[in-house]
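User: I would like to learn how to read helix packing in a model. Where should I start?

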Amino acid sequence: MISRVESINKILSYKTWTDKKKIDSLLEMDCSMYASLGTDSTKKEKEGVRKNSRSIYKAIKEIDPNLGTTLISVMDKDN
């Protein structure tokens, strides 16, 4: 199975995809991770999703600095 970081880098490397499609795919990946969490998820699993989410937001920041910065700052406020 491909790791999240490899998936993120793969999406960023696509030359034929528009920036919007890249961001949409990254946000879909982020949403899917959070949707897979449940009430029985451990603290470690939740922290792992949060860590991966931050990596996704940093990747989005490479494409769209304003959006990426906003997503990261909102995530930091939740702490």
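Analyst: Start with the axes: each is a line fitted to C-alpha atoms, for helices over the stretch in contact, and angles run from 0 to 180 degrees between N-to-C directions. Note that this is a predicted model.

User: At what angle do the axes of H1 and H2 cross?

Analyst: Helix H1 (residues 4-13) and helix H2 (residues 19-36) have axes that cross at roughly 160 degrees and come within 9 Å. Angles over 145 count as roughly antiparallel, and H1 and H2 are therefore roughly antiparallel to each other. Their crossing is right-handed.

User: Which residues make the contact?

Analyst: H1 contributes Arg4, Ser7, Ile8, Ile11 and Leu12, while H2 contributes Lys22, Ser25, Leu26, Met29 and Met33. By class, this contact of H1 with H2 has six nonpolar, two polar and two charged residues.

User: How do the axes of H2 and H3 cross?

Analyst: The axes of H2 and H3 cross at roughly 170 degrees and come within 10 Å, which makes H2 roughly antiparallel to H3. Among the residues that meet are Leu26, Met29 and Met33 in H2 and Ile56, Tyr57 and Ile60 in H3. The contact of H2 with H3 divides into twelve nonpolar, two polar and four charged residues.

User: How many residues are in the largest nonpolar core?

Analyst: That core has 14 residues, and Ile8, Leu26, Met29, Ile56, Tyr57 and Ile60 have the most contacts inside it. H1, H2, helix H3 (43-63) and helix H4 (65-77) each supply at least two residues; H3 gives the most, with six.

User: What does Ile56 touch?

Analyst: Leaving out residues up to four places away in sequence, Ile56 touches Ile8, Leu26, Met29, Asp30 and Met33.

Notes
Residues are numbered from 1 along each chain as its sequence is written. This is a predicted model: local features need pLDDT of at least 70, side-chain atom pairs count only at pLDDT 80 or more; totals for chains, interfaces and linings use all residues. Side-chain values use heavy atoms; hydrogens and water are left out. Helices (H or I, at least four residues) and strands (E, at least two) are DSSP runs, numbered from the N terminus. Angles under 35 degrees count as roughly parallel, over 145 as roughly antiparallel, 65 to 115 as roughly perpendicular and the rest as oblique. A crossing is left-handed if the near helix is turned anticlockwise from the far one by less than a right angle, and right-handed if clockwise. Contact means heavy atoms within 4.5 Å. Ala, Val, Leu, Ile, Met, Phe, Trp, Tyr, Cys and Pro count as nonpolar, Asp, Glu, Lys and Arg as charged, and the others, Gly among them, as polar. A nonpolar core is a set of buried Ala, Val, Leu, Ile, Met, Phe, Trp, Tyr and Cys residues joined through side-chain atoms within 4.5 Å. Buried means under 20% relative accessible area, exposed over 50%, partly exposed in between (1.4 Å probe, protein chains only).
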